[in-house]
Amino acid sequence: MHALLDPQEMGQADRLAAEMGTPSFTLMERAGTAVADVVARFPLPTRVIVLCGPGNNGGDGFVAARVLTQRGFRVRVALLGERARLTGDARRAAERWRGTVEEPAVLDLTEAGVIVDALFGAGLARDLDGAAKALVTRMAASGRPIVAVDLPSGLDGATGKVRGAAAQAQETITFFRRKPGHLLEPGRSLCGRVRVADIGIPDAVLDVIRPATSVNMPDLWRPVFPLPSALGHKYDRGHAVVVSGGAWTCGAARLSARGALRAGAGLVTVALPPDALPLHAASYAAIMPRPMACDDDLAALLADRRLGTVVLGPGLGLGAATRAKIDITAPGRRLVLDADALTSYAGVPWALADLAARTAGLIITPHEGEFARLFAGDRAVLEAPSKLARARAAAARLGAVVVLKGADTVVAAPDGRAAIAENAPAYLATAGAGDVLAGMAGGLLAQAMPPFEAAAAAVWLHGEAARAAGPGLVADDLPEALREVYRRLYELFGVR
Ligand SMILES: NC(=O)C1=CN([C@@H]2O[C@H](COP(=O)(O)OP(=O)(O)OC[C@H]3O[C@@H](n4cnc5c(N)ncnc54)[C@H](OP(=O)(O)O)[C@@H]3O)[C@@H](O)[C@H]2O)[C@@H](O)CC1
Ligand SMILES: Nc1ncnc2c1ncn2[C@@H]1O[C@H](COP(=O)(O)OP(=O)(O)O)[C@@H](O)[C@H]1O
Ligand SMILES: [K+]
């Protein structure tokens with residue numbers, strides 16, 4: 001699993017590594033050397049300025065400065081704070097640096113060919129202000145390439161938020177595993193290219209730490225991903241239902257239905273108002289339209305308990321009529337709720353929690369606007385410290401899997417597991433893309449994937465489909481592009 005460690009967990013990894021035989025100063029030596037390796041890609045005789053902070057991030061900077069000097073670079077080192085106040089490993093690293101330690105104020109940062117930002121990393125404890133903020137602001141204004149040690153200083157590794165100030169890095173070198181702040185915006189953008197250095201912390205520490213957050217990658221959901229079997233048939237591959245709006249708004253449900261089919265659902269039924277029939281029939285011949293002139297028709301259709309998975313929301317309209325359809329559908333079924341379905345619960349998340357308890361599994365797929373509307377007034381959720389924490393709090397509140405969308409889509413489960421996506425290209429933000437995603441999640445849920453894994457797989461596949469379709473994509477391209485993505489995924493999973 002591509003685990004992500006928050007700063008506390010990273011500290012634990014550090015301590016466990018020491019218990020398993022690798023002293024923390026050895027880790028610092030390796031970390032600083034790894035930073036030097038990255039900086040050494042700049043050509044000799046590049047002038048390097050290393051800005052060290054008062055803690056171990058600064059210690060890494062001292063090590064990097066020493067190694068770079070040995071390799072022939074011209075290195076100047078400045079320390080934020082007093083040298084006499086350095087302690088522990090950082091003090092030892094500073095003692096091994098034989099050159100001058102300057103005041104940051106005397107340096108012209110624009111003279112640097114590259115700046116090493118070793119001011120603050122995992123130990124950032126509060127917003128930058130005073131001299132620290134001024135130095136980071138100067139560094140940002142220098143226009144020089146910056147290599148950040150662990151994190152751009154001022155970026156919070158747990159949240160991806162900027163605390164006071166942070167300078168755009170060209171590259172960031174972090175250690176052992178990435179942190180959530182490397183993936184959550186604006187952190188991801190600020191880090192530039194992120195490299196992960198192996199500094200000798202054994203993977204076995206993860207068995208103790210058991211991190212709950214990971215990058216959304218296939219290894220997260222591979223064990224439960226539905227692969228077609230030679231002995232199987234379409235009825236083994238799940239039956240998803242998409243509930244459609246009328247003729248004027250049914251494009252959204254058409255996209256969802258196509259997403260569900262291409263994600264591998266064996267059958268997709270669309271419950272639709274009669275005026276939407278020609279449009280759905282023209283969309284995919286493979287979908288099965290069923291008339292839904294009134295709620296009783298929906299109830300009659302769902303009397304067939306094999307229709308166990310339902311997608312509701314895209315283009316469905318707001319308010320009581322939509323809530324009524326959701327009420328009819330929920331008991332004992334797996335549901336994906338998106339768009340209008342979510343806004344129909346604006347400000348009453350507890351009603352959605354009640355509903356979730358009646359389902360056999362619920363995934364919700366809000367974008368930030370829908371999320372804010374749904375949880376309006378719920379400060380514990382809306383004011384949680386990061387997008388990751390908000391999604392987790394929401395999942396716990398609802399007893400549902402929450403897909404909080406965006407460039408850094410977070411999937412969170414009520415049990416605390418969470419995954420952050422990093423594969424969605426910016427051009428995925430286009431009308432209807434979310435409708436396809438909801439359908440794909442429904443398609444995977446129908447194939448008996450558990451809700452967290454179904455949601456995570458849908459998000460990853462959706463991002464890959466966008467990349468496969470390429471720039472200029474419209475939402476209609478996404479289900480088609482899934483064929484290529486599945487072909488590659490099957491290869492990866494060894495399916496012939
Ligand atoms: N864990 C590992 O396995 C490994 C970790 N390694 C490295 O250690 C780094 C973490 O080191 P760290 O814990 O010493 O914290 P660090 O980022 O240097 O900052 C703490 C210092 O900053 C200060 N300070 C904080 N906020 C401030 C503010 N807003 N404004 C001003 N000052 C502020 C704070 O002062 P205080 O809060 O005590 O007043 C303290 O002096 C990690 O990022 C990685 O580079 C590697 O060596 C390899 C192995
Ligand atoms: N900047 C971005 N980079 C990558 N993906 C994005 C970005 N912004 C939004 N997305 C993705 O685009 C999709 C848009 O969905 P949504 O907002 O529901 O649109 P719609 O309602 O039109 O379908 C989501 O999957 C979201 O994660
Ligand atoms: K840093």
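## A339 and its loop

A339 sits in the loop that runs between β14 (334-337) and α14 (340-343); helices (H or I, at least four residues) and strands (E, at least two) are DSSP runs, numbered from the N terminus. The model is predicted: local features need pLDDT of at least 70, side-chain atom pairs count only at pLDDT 80 or more, and totals for chains, interfaces and linings use all residues. Residues are numbered from 1 along each chain as its sequence is written, and chains are lettered from A and ligands numbered from 1 in the order in which they are written.

Phi of A339 is positive, near 50°, and A339 is not a glycine. A339 counts as buried because 23 other C-beta atoms lie within 10 Å. With C-beta atoms placed from the backbone, 20 or more others within 10 Å make a residue buried, 12 or fewer make it exposed, and counts in between make it partly exposed.

## A448

A448 also has a positive phi, near 75°. It is in the loop between α19 (433-446) and α20 (451-469). A448 is partly exposed, because it has 15 C-beta neighbours inside 10 Å. Most residues other than glycine have a negative phi, and most peptide bonds are trans.

## Cis peptide bonds

L44 and P45 are joined by a cis peptide bond with omega about 0°. P45 belongs to the loop between α2 (24-39) and β2 (47-52).

Another cis bond links E185 to P186, with omega about 5°. The loop holding P186 lies between α6 (180-183) and α7 (187-191).

## The whole protein

The protein contains 21 helices and 18 strands. Of its 496 residues, 53% are buried. The C-alpha trace spans about 80 × 50 × 45 Å along its principal axes.
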